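Hello,

Here is the structure we talked about. Please open it first, then read my notes below.

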Amino acid sequence: MARITSIKGRILYNSRGSKTIEIDVISDNKYLGRVCSPSGASVGKHEAISFPQNKPEKSLELLKNNEKKFHNLDSSDLKSIHDTLREMDSTPNYSKIGGSLAFALTIAAVDSASKALDIPLFKLLSKKTDHRFPFPLGNILGGGAHAGPGTPDIQEILICSTGSKTIRDAIETNLEVHKELGKILIKKDPTFTNGRGDEGGWAPKLKNDQALEVAAKACEELGFTLGKEVSLGVDFASSTQWNEKKKKYIYDRAGFENTPQEQIDFASEIIKKYKLVYAEDAVHEEAFEEMSALTKKFPHVLITGDDLLVTNTKILKKAVKLKACNGAILKVNQAGSLYDALEFAREANTNKIGIITSHRSGESTDAHISHIGIATKSKMLKVGVVGGERIAKLNELVRLAEYDLIRGMVEI
Ligand code: 2PG
Ligand code: MG
């Protein structure tokens, strides 16, 4: 067993250049666990808040005043660490200490324990022996809250190498499609600047349908059949379009509006036409009934809740009751602590809801979520395709393939 001997925090910057915090947890005076907090741009209403009063400095000040409470705790004992955080902040959304502190401190503690015990992090988090690789799911074309005016309203068009038998092949296939799409975009518009959105997906001046067309074309030009060797996914991030007053989805950039029923039809058309394997937040974050309709209609597509569930076990229970999804995004910082997120994963697995462990649009170069994705039996790991902070997570998967501890890819 390793015991926490010190905790320290600092202000750093995420991939968007915004301030964030990094936490060092040291066990037995020498084993360093280090984690930097990510943050979202399209944020769910019920997520843990990042920092009290939006000030990372406040979280660090609170940590400094309470650091001793964590000393001597077993750094692998997530429950005790979580409970100690909860003594500092019992609000549902970590409004006192900030979800970023809960995120970084709990993951840094187990990171430190994994070093002290010389066990890979995923194995420390899940003692089982049947670990498998999740399929990488990566943003190849971005719009919405992740890219500027002129790009599609739809936030993310994603690629998943559904036919791959190895993690390296899955990563390389995603890279190939991303690259091919870049070539197609420049051919289509010679003035295209190679601009990319927050997550490394191309950010061209295209409407939704044109963007989907070119994404499909990139797969086909490489000789792939959609829905076989590779499949497309979409994060509609529909809360961005939802206008509560008008009770309509406003597609500003494309220039149309959808009633709730038209939105279901809009998403259904896209799912069918492009043989999507994955559809995230196809309706807004409180539209449980519409999500149920889609889940019923497409039992073989991962109809996934992100803003809908915000990695919150209570909300997931409600969604399960209403059959509102068959896929669940897991973002530790939406929940707050890693303990909260693992509870969410347990609930999802018990109810056969496919887990998609995900990055945030504002990221660090940490790769802990690759381990968390394996430990939670995630079907997919949504971490982008290119960009240093995205590739760091994919490269970690390649390293992990060297161990004989992981047996191939999960089933989707
Ligand atoms: C999402 C995420 C990650 P953000 O909506 O799924 O792709 O974006 O981190 O901005 O919420
Ligand atoms: Mg999302």
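Start with the magnesium ion (ligand 2). Asp235 (OD), Glu280 (OE) and Asp306 (OD) coordinate this ion, at 2.0 to 2.2 Å. Donors here are N, O and S atoms within 2.8 Å of the metal (3.2 Å for Na, K and Ca); water is not among the atoms, so sites may look incomplete. Along the sequence, the donor residues follow the spacing D-x44-E-x25-D. Asp235 sits in strand S6 (residues 231-235) and Glu280 in strand S10 (residues 278-280), so this pair ties together parts that are 45 residues apart in sequence. Helices (H or I, at least four residues) and strands (E, at least two) are DSSP runs, numbered from the N terminus.

A word on the source. This is a predicted model: local features need pLDDT of at least 70, side-chain atom pairs count only at pLDDT 80 or more, and totals for chains, interfaces and linings use all residues. Residues are numbered from 1 along each chain as its sequence is written, chains are lettered from A and ligands numbered from 1 in the order in which they are written, and side-chain values use heavy atoms, with hydrogens and water left out.

Now the domains. The protein chain splits into domain 1 (4-118) and domain 2 (131-409); the bounds come from an automatic or database domain assignment. Their centres, taken over C-alpha atoms, are 27 Å apart. In domain 1, 28 residues are in contact with 29 residues of domain 2 (heavy atoms within 4.5 Å).

Next, salt bridges (a side-chain nitrogen of Lys or Arg within 4 Å of a carboxyl oxygen of Asp or Glu). The structure holds 25. Three are between domain 1 and domain 2. Strand S3 (31-36), helix H2 (78-88) and helix H3 (99-117) each give at least two residues to the side of domain 1 that touches domain 2. H3 supplies the largest share of that side, seven residues.

Lys45 and Glu286 also meet through their side chains in a salt bridge (3.1 Å, N to O). Asp111 forms another with Lys115, with the closest N and O atoms 3.5 Å apart. Both Asp111 and Lys115 lie in helix H3, four residues apart, about one turn of the helix.

Best wishes
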